[in-house]
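Here is a brief report on a predicted model. Keep the structure open while you read.

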Amino acid sequence: MILFCSHVHAASGIDSASWEYLVKPGDSLWTFADQHLSSPAYVPRLQKLNHIADPYRLSHGSRIKVPYLWVKQQPSTAQIEEFSGEISAHDASGKSLPISKDMRYPKGVQFQTGNDAMLRLRFADGSTLLLNANTNAQLQNEIYYPSTGSARTEIRLDKGNAGSSVIPNILMPGRYQIRTPSAVTTVRGTEFRVSAETMDSTATEVLRGKVKVNGNKQGQVDVPAGFGSLTSTSARPTPPEALPAAPDLSTLPSTSSFNPPLLQWQADQLAVAYRVKLRGPGAQGQQLVERTVTGPQLYAALPENGNYQLSARARNAHGLEGYDSSRTFTLKAFPQPPLLQASDGVQEIRGNTFSLILDASPARPVQWQLARSTDFASIIQQRTLTETDSTIELPDKGQWYWRVARLDASGQAGPYSETQAVNMRGLFATLRHSVPSLLARRYPVNAASYTLTLSDQADMKTVRYRNSRSQPAWPLAQLPHGKYFARLEVSGDHGYQAVETVEEIHLR
């Protein structure tokens with residue numbers, strides 16, 4: 001018992017924590033000890049501590065103050081609440097463990113998350129630990145006190161970033177700790193984050209409540225909500241510093257027809273970087289992305305149409321991260337529009353018909369629309385095309401506008417192609433020359449570059465043609481004729497990269 005008490009006493013804050021028990025009818029110190037204390041040997045000390053005259057007779061409704069050192073405890077475990085991406089776990093002996101929501105993980109287990117991965121653990125008292133991407137942490141101690149519903153949790157964060165939400169419990173201060181190589185963060189009940197991106201530096205950020213940070217070189221600081229502190233192996237914790245404000249995400253588009261979507265927000269002049277996360281599709285979607293970006297934008301390719309949520313927080317020059325902002329947007333980028341063999345510019349025709357060449361078939365239908373204005377507010381004609389060659393008849397003279405979109409399996413149209421103009425003139429009119437070209441849609445990115453690759457094979461291993469242009473138009477006279485698989489790649493400022501789906505086309 002002496003060894004046990006010494007071990008528990010070493011846990012910061014536990015030795016001074018007390019539990020107040022409300023006496024019930026029929027209670028005695030001996031029945032209380034049998035139910036709640038780790039040993040009946042504590043009864044005389046408990047009697048003296050609470051000035052109880054008779055250990056067999058307790059006043060109903062009175063309170064007994066009990067040091068947590070004496071309360072019954074049992075080993076506890078953590079359970080996975082949520083995870084995504086590449087996660088690994090090993091027990092104290094180094095044996096690999098499965099990642100499962102059905103498992104319970106005892107002390108000694110080491111977790112590691114990969115790129116864009118996340119892991120959320122829940123402890124016996126309801127507190128949670130979120131391990132962000134590229135994080136390595138170990139569960140060093142997990143103790144549960146069944147009489148009070150409290151738990152003592154100690155975590156070693158070797159590398160990375162972890163967020164904690166600790167269930168408040170005024171009876172037991174110092175019961176939740178995160179240790180890094182350079183600091184110990186102790187909390188009672190709060191929401192906070194700890195980062196250890198290097199071995200000799202720790203950042204603590206408090207979102208709610210208060211935490212105590214102890215440095216290896218002595219010294220400690222209490223950090224309130226909305227503030228953070230930095231600790232190194234060679235210096236005391238810094239005084240609390242206000243955290244960066246939540247970024248303004250109001251400029252994000254509500255809908256995107258391009259993949260990756262162009263997620264750009266208002267820059268914070270004090271921010272040197274942003275930590276961003278992307279979840280979806282749908283409210284129950286997993287985390288897909290977690291990374292640090294130097295500018296106020298994120299370009300990440302998404303797997304399918306649907307609703308997604310972007311979260312971002314700013315990082316200041318000292319390395320402290322602030323509050324999160326979140327915004328939901330909808331991706332409507334699939335199926336991608338087909339390439340067009342049409343005029344680069346206004347096409348002028350005599351008579352009321354012109355030919356349309358598309359990658360269309362019964363298995364890959366295309367929806368064609370005709371209107372008098374570029375906004376297509378009033379659609380004059382709409383047809384479903386299932387053949388490569390189609391003849392289009394215009395209703396009247398003048399300039400018309402048309403566009404196409406591919407239909408998915410349920411008959412829903414994806415994003416439309418670039419709007420094309422055709423001018424129907426008289427039979428004896430002089431027509432302006434236009435260049436027949438292979439056309440793709442333009443991306444709304446700065447310094448856009450479009451690369452067209454043609455291959456005989458769908459895997460694109462054999463390249464027959466490859467050319468990059470600042471505009472997505474390639475004169476047909478400069479392209480090889482025949483059937484090819486075509487791939488379009490798009491690049492732009494700030495590392496934007498997109499790849500349109502490979503499709504088979506017949507160039508003439």
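Five strands make up an open sheet with mixed pairing, in the order 21-27-26-23-24. Strand 21 (255–256) and strand 24 (286–293) are the edge strands; each has a single partner strand, so one side of each lacks a neighbour in the sheet.

Strand 21 runs parallel to strand 27 (residues 325–331), and two bridges join them. Ser256 has Leu331 in strand 27 as its bridge partner.

## Salt bridges

The model has 28 salt bridges. One of them pairs Glu321 with Arg275, with the closest N and O atoms 2.9 Å apart. Glu321 sits in the loop between strand 26 and strand 27, and Arg275 in strand 23, 46 residues apart. Both Glu321 and Arg275 are buried.

Arg313 pairs with Asp324; here the closest N and O atoms are 3.3 Å apart. Arg313 has 3% relative accessibility and counts as buried. Asp324, at 40%, is partly exposed. Shared partners join salt bridges into one network, whose members include Arg275, Arg313, Glu321 and Asp324.

## The largest pocket

The largest pocket has a volume of about 410 Å³. It is lined by 22 residues, and those closest to its centre are Arg120, Leu130, Lys277, Arg313 and Asp324. Strand 12 contributes the most to the lining, with four residues. By class, the lining holds five nonpolar, ten polar and seven charged residues.

Terms used
Residues numbered from 1 in each chain as written. Predicted model: local features only at pLDDT ≥ 70, side-chain atom pairs only at ≥ 80, totals over all residues. Heavy atoms only, no water. 1 Å grid on protein atoms, 1.4 Å probe; cavity = no way out; pocket = protein on both sides within 12 Å on 5 of 7 lines; lining within 4 Å. Points joined across faces, edges and corners; volume = space filled by probe spheres on them. Nonpolar A, V, L, I, M, F, W, Y, C, P; charged D, E, K, R; others polar. Pairing = 2+ DSSP bridges. Salt bridge = Lys/Arg side-chain N within 4 Å of Asp/Glu carboxyl O. Buried < 20%, exposed > 50% of the residue type's maximum accessible area, 1.4 Å probe, protein only.
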